[in-house]
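Take a walk through this protein with the sequence and the model side by side. The tour moves from a single loop to helices and then to aromatic rings.

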Amino acid sequence: MKRYLVILFSFMLLMPVQTAFAQVSNVPKPSIERPKPQPKPRPQPRPRTQSRPKPSPRPQRTQHNGPSVDVTFSCNIEDVPVFISIDGKQPSDIDEIYNLTIGNHKVRVTADGYVPYSTPIKVVEEGDFFYFELSEATGYEDSDVGDEDEDEAEVDEPSAPVDINAPFVASELPPESSQPEVSVLVEDPANAQKFLNDTITVNGVSFVMVFVPGGTYTRYEIPENLDSIIDMNVTGVPPAHRVSLSNFHIGMCEVTWDLWYAVMEDSIVDYYHNRPYDEATWVDCQQFIDKLNKLTGKTFRLPTDAEWEYAARGGNRSNGYVYSGSNNIDEVAWYYENYEGEWHEVATKAPNELGIYDMTGGACEWCADWYNWPDANENTPPLVNPKGPLEEQKNSRSGNPMGRTIRGGSYGQDAAMCCVFKIYYANLQKARYGLRLAM
């Protein structure tokens, strides 16, 4: 009996201790909240001191009573405006698209400093794309100077430039040259649209693809006058070699934040909008392009390295500039020396010879190619539409993989990094840059 009393007494003494332990065990542990990572701050935009001039309105198309088609005209003149008069109407810009009735028309082309000419054209049901050649108006005689008193005739003052917007008066212009039927630039007139700039709209955002006629050029060529433009140590540039390219289209501007989010169907903060999108990995670019192709039914892609440099140099209109469109980088690019910590909108600097913007500075741009050092030089035959190696290359010294090609320089790089012949590479899954579309 005493044993049971001792056990019962011991149990009663332990009960408060067990209760206290249970209370302590049930006390909730304090939670530790980690601060959420803050997004990388973007500089606030400055008010623009200059507004871009609004484009002049397109002339209204002439209304016709019969069936009509769109007709496009082009010319060899690039340095001055070229105007065209159709069937005696007031001259207007040759670069417009004209809606003409099917059948025969009379066309007159004028440009200041060039001999104008008239020619008949025949418009067919499929539409046409007509090309003209003008020659310089030099050395023609003034009809007011007679032959009889040639020694006594007063020397005329140089004539004022021809006002090509004024109605045509025969005595005011040098003799016309004429051509017979104007040849069509493309074999199939129905496919003339392939040779024009193309404007595409996706979910309310429009962008322009510039037509780049194919040609042959020297890739990685360093201009002979480089020393007079910039003091730099030219290293890391592959050997110059000839490249031949077919026709292609390339974006007039870099892909903007607006376009990126229109395609990816996401929201965007007000600040970014028309600035170049610069946070895409190479893999992100492929996802973006795949979705864009499904939305438009087109075949967009990244430009090859050879296409990028050819377009940056100005294609078949190249003037051999160090930067894309000028030897003065401040005219064509936002880069380290002038961007002042502010991300700028696309197309706020001058374009290059093809009308393409920001191929120098702005955002670095991904190309399609794996980076490599081509086994070619100026003595080898031209490479035709080169697309780089089929697999990732490794650095010959370190053995590390080199990734994909990037071009153009950026806001954060100096002028030496922005030359058209400079080439770099980056990891396609980690590095984040901008992009420009091709097709």
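Where does Ala347 lie? Ala347 sits in the loop between helix 6 (329–332) and strand 14. The model is a predicted one. Phi of Ala347 is near 60 degrees, which is a positive value in a residue other than glycine. Ala347 counts as buried because its relative accessibility is 9%, and the cut-off for buried is under 20%.

Now step back to the whole chain. The protein has six helices and 17 strands. It holds 439 residues, and buried residues make up 42% of them. Take the contacts between residues at least 6 apart in sequence: 71% of these join residues at least 24 apart.

Start with helix 5, residues 305–312. Eight of its eight residues are buried, so helix 5 is largely enclosed by the rest of the structure.

Helix 3 comes next. Six of the eight residues of helix 3 are buried, so this helix too is largely enclosed by the rest of the structure. The buried residues are Trp257, Leu259, Trp260, Tyr261, Ala262 and Val263. Their cover includes strand 9 (198–202), strand 10 and helix 4. Just after helix 3, Glu265 takes a positive phi of about 55 degrees.

How do helix 3 and helix 4 cross? The axes of helix 3 (residues 257–264) and helix 4 (residues 282–296) come within 9 Å and cross at roughly 65 degrees. The two helices are therefore roughly perpendicular to each other. The crossing of helix 3 past helix 4 is left-handed. On the helix 3 side, the contact uses Leu259, Trp260, Val263 and Met264. On the helix 4 side, it uses Asp284, Cys285, Phe288, Lys291, Leu292 and Leu295. By class, this contact has eight nonpolar residues, two charged residues and no polar ones.

The loop between helix 3 and helix 4 contains His273. Phi of His273 is positive, near 35 degrees, in a residue other than glycine. With 28% relative accessibility, His273 counts as partly exposed.

One aromatic cluster is formed by Trp257, Trp260, Tyr261, Tyr272, Tyr277 and Phe288. Trp257, Trp260 and Tyr261 are also buried residues of helix 3. Trp260 and Phe288 take part in the contact of helix 3 with helix 4.

How many aromatic pairs does a search of the whole structure find? The search gives 15. A pair of aromatic rings is described by the distance of the centres and the angle of the planes. Consider Trp366 and Tyr433. Their ring centres are 5.5 Å apart and their planes stand at 70 degrees, so the pair is edge-to-face. Trp366 lies in strand 14 (residues 365–370), and Tyr433 lies in the segment after strand 17 (424–426), so the pair ties together parts that are 67 residues apart in sequence. Trp366 is buried, at a relative accessible area of 0%. Tyr433 counts as partly exposed, at 24% relative accessibility.

Tyr371 and Tyr425 make another pair. The ring centres are 4.7 Å apart and the planes are at 45 degrees, so this pair is tilted. Tyr371 sits in the loop between strand 14 and strand 15 (383–384), while Tyr425 belongs to strand 17. The pair links distant parts of the chain, 54 residues apart. Tyr371 counts as buried at 7% relative accessibility, whereas Tyr425 is partly exposed, with a relative accessible area of 35%.

One last stop is strand 5 (residues 103–111), which holds Arg108. Is Arg108 buried or exposed? Arg108 is buried, with a relative accessible area of 13%. Pro120 is 12 residues from Arg108 along the chain, and the C-alpha atoms of the two are separated by 8.8 Å.

Methods:
Residues are numbered from 1 along each chain as its sequence is written. This is a predicted model: local features need pLDDT of at least 70, side-chain atom pairs count only at pLDDT 80 or more; totals for chains, interfaces and linings use all residues. Side-chain values use heavy atoms; hydrogens and water are left out. Axes are lines fitted to C-alpha atoms, for helices over the stretch in contact, and angles run from 0 to 180 degrees between N-to-C directions. Helices (H or I, at least four residues) and strands (E, at least two) are DSSP runs, numbered from the N terminus. Angles under 35 degrees count as roughly parallel, over 145 as roughly antiparallel, 65 to 115 as roughly perpendicular and the rest as oblique. A crossing is left-handed if the near helix is turned anticlockwise from the far one by less than a right angle, and right-handed if clockwise. Contact means heavy atoms within 4.5 Å. Ala, Val, Leu, Ile, Met, Phe, Trp, Tyr, Cys and Pro count as nonpolar, Asp, Glu, Lys and Arg as charged, and the others, Gly among them, as polar. Rings of Phe, Tyr and Trp (its six-membered ring) pair if their centres lie within 6.5 Å; planes under 30 degrees apart count as stacked, over 60 as edge-to-face and the rest as tilted. Buried means under 20% relative accessible area, exposed over 50%, partly exposed in between (1.4 Å probe, protein chains only).
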